[in-house]
Amino acid sequence: MGLELYLDLISQPCRAVYLFAKANGLPFEVRSVELLKGQHLLDDFTKVNSLKRVPALKDGDFTLAECVAILHYLSQKYNTPAHWYPKELQARARVEEYLSWHGDSIRGTFGTMLWIRVLGPLIDVHIPKEKADKNMAGMVQALQHLEQKFLQDKPFLTGDKISFADLMALEELIQLLPVFLQTVYSGFDVFEGRPKLAAWRGRVEATLGEKLCQETREALHKLCAEPRAFQDIPSFMKERMKLRLTRIP
């Protein structure tokens, strides 16, 4: 058995791994793991990743969890172009700097809005507006840091060429577009009024391929546009989702 990637493309980290693998022409098979059906909790999947999270990788007898670790593994196994994860010390450090900041400041903030505005209502849990507003304020601050600290006047977040940093960042930001189309924040656009970020988005998508980007985001757009199509959620999964929603500050 060759390389297998366990993914659910409603997940931002899964989309990053999928985009990287496809954009670089890597040979792999997708193993679908539907999070809303709780398939990541089943015994068959926990044999691959006991952490019960996606993305996950299986390469023969070798298994690996966590998005960044998987990206590193794929880039080295298949010797992908060095711009994704530079060999030069300081250039690599810039990518690592962004990835270290990304977890709390982008992933931990932007991902929450999908829970507040789509997944919560899907199971009839509604988060108070005060919490949503607090999360919005955190996103606006993070966008300022993203533009002023990392992007600045460069073509990409860490230099002249695309890297893991751009891939991770864009899939978090892009998720908000279909989310906000369905909510009281429908006038909010991550890229509106931020011409540098908008131009950066265009460069990243042009590098990856617009058709590939659209394909990768189809599941996300369907979830946001037709949430009722995803209502067949097992009761045990609903309880886990409710617990996650209670942890929103």
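Biologist: Which helix gives the largest share of the lining of the largest pocket?
Modeller: H4 does, with 10 residues. Keep in mind that this is a predicted model.

Biologist: How much space lies in that largest pocket?
Modeller: About 1000 Å³.

Biologist: How many residues line the largest pocket, and which lie nearest its centre?
Modeller: The lining has 33 residues. Nearest the centre are Arg-53, Val-54, Arg-107, Trp-115 and Arg-244.

Biologist: Which elements give two or more residues to that lining?
Modeller: Helix H1 (12-23), helix H3 (67-77), helix H4 (89-122) and helix H11 (235-246).

Biologist: And how do the lining residues of the largest pocket divide into nonpolar, polar and charged?
Modeller: There are 17 nonpolar residues, nine polar ones and seven charged ones.

Biologist: What about the second largest pocket, what volume does it have?
Modeller: About 340 Å³. Its lining is made of 16 residues. Asp-8, Ile-10, Glu-34, Lys-37 and Phe-230 are the closest to its centre.

Biologist: Which strand and which helix each supply at least two residues there?
Modeller: Strand E2 (29-32) and helix H10 (218-225). By class, that lining has 10 nonpolar residues, one polar and five charged.

Biologist: Back to Val-54. What kind of peptide bond joins Val-54 and Pro-55?
Modeller: A cis one, with omega at about 5°. Pro-55 sits in the loop between H2 and E3.

Biologist: What else is in that loop between H2 and E3?
Modeller: Lys-52 has its place there. Lys-52 is not a glycine, yet its phi is positive, about 65°.

Biologist: Is Lys-52 buried, exposed or partly exposed?
Modeller: Partly exposed, because its relative accessibility is 37% and that class covers the range between 20% and 50%.

Biologist: Where is Asp-124, and what is its phi?
Modeller: Asp-124 is in the loop between H4 and H5. Its phi is positive, about 65°, although Asp-124 is not a glycine. Asp-124 has 61% relative accessibility, so it counts as exposed.

Biologist: New topic: H3. Which of its residues are buried?
Modeller: Cys-67, Ile-70, Leu-71, His-72, Leu-74 and Ser-75.

Biologist: Why would residues three or four places apart in a helix point the same way?
Modeller: Because an α-helix has 3.6 residues a turn.

Biologist: What covers the buried residues of H3?
Modeller: The cover includes strand E1 (3-7), H1, strand E3 (56-59), strand E4 (62-65), H4 and helix H6 (164-174).

Biologist: Take Ser-75 in helix H3. Why does it count as buried?
Modeller: Its relative accessibility is 8%, so Ser-75 counts as buried. Leaving aside neighbours within four places in sequence, Ser-75 is in contact with Phe-20, Thr-80 and Phe-164.

Biologist: Which residue with a positive phi follows H3?
Modeller: Asn-79, with phi near 50°.

Biologist: Where is His-40 found?
Modeller: In the loop between E2 and helix H2 (43-46). His-40 counts as buried, because its relative accessibility is 7%.

Biologist: What is His-40 in contact with, beyond four places in sequence?
Modeller: Val-33, Leu-35, Phe-45, Thr-46, Lys-52 and Met-237. One of these, Lys-52, is the residue with the positive phi of about 65°.

Biologist: And Ala-132, where does that lie?
Modeller: In helix H5 (residues 129-151). Ala-132 has 0% relative accessibility, so it counts as buried.

Biologist: How far apart are Ala-132 and Thr-112 in sequence and in space?
Modeller: They are 20 residues apart in sequence. In space they are 8.9 Å apart, C-alpha to C-alpha.

Biologist: Now the whole protein. How many helices and strands does it have?
Modeller: It has 11 helices and four strands. The radius of gyration is 18 Å, close to the 18 Å that the globule rule gives for 249 residues, so the protein is as compact as a globular protein of that length.

Biologist: What box do the C-alpha atoms fill?
Modeller: Roughly 50 × 50 × 30 Å, along the principal axes.

Biologist: What percentage of the residues is buried?
Modeller: Buried residues make up 50% of the 249. The accessible surface of the protein is about 12300 Å², and 49% of that belongs to carbon and sulfur atoms.

Biologist: Last one: among contacts with a separation of 6 or more, what share comes from residues 24 or more positions apart?
Modeller: That share is 73%.

Terms used: Residues are numbered from 1 along each chain as its sequence is written. This is a predicted model: local features need pLDDT of at least 70, side-chain atom pairs count only at pLDDT 80 or more; totals for chains, interfaces and linings use all residues. Side-chain values use heavy atoms; hydrogens and water are left out. On a 1 Å grid over the protein atoms alone, a cavity is a set of points where a 1.4 Å probe fits but cannot get out, and a pocket is an open set with protein on both sides within 12 Å along at least five of seven lines; lining residues have an atom within 4 Å of a point. Grid points are joined across faces, edges and corners, and a volume is the space filled by probe spheres set on the points. Ala, Val, Leu, Ile, Met, Phe, Trp, Tyr, Cys and Pro count as nonpolar, Asp, Glu, Lys and Arg as charged, and the others, Gly among them, as polar. The radius of gyration is taken over C-alpha atoms; the globule rule is 2.2 Å times the number of residues to the power 0.38. Buried means under 20% relative accessible area, exposed over 50%, partly exposed in between (1.4 Å probe, protein chains only). Contact means heavy atoms within 4.5 Å. Accessible areas come from the Shrake-Rupley method with a 1.4 Å probe; for residues, only the protein chains shown count as cover.
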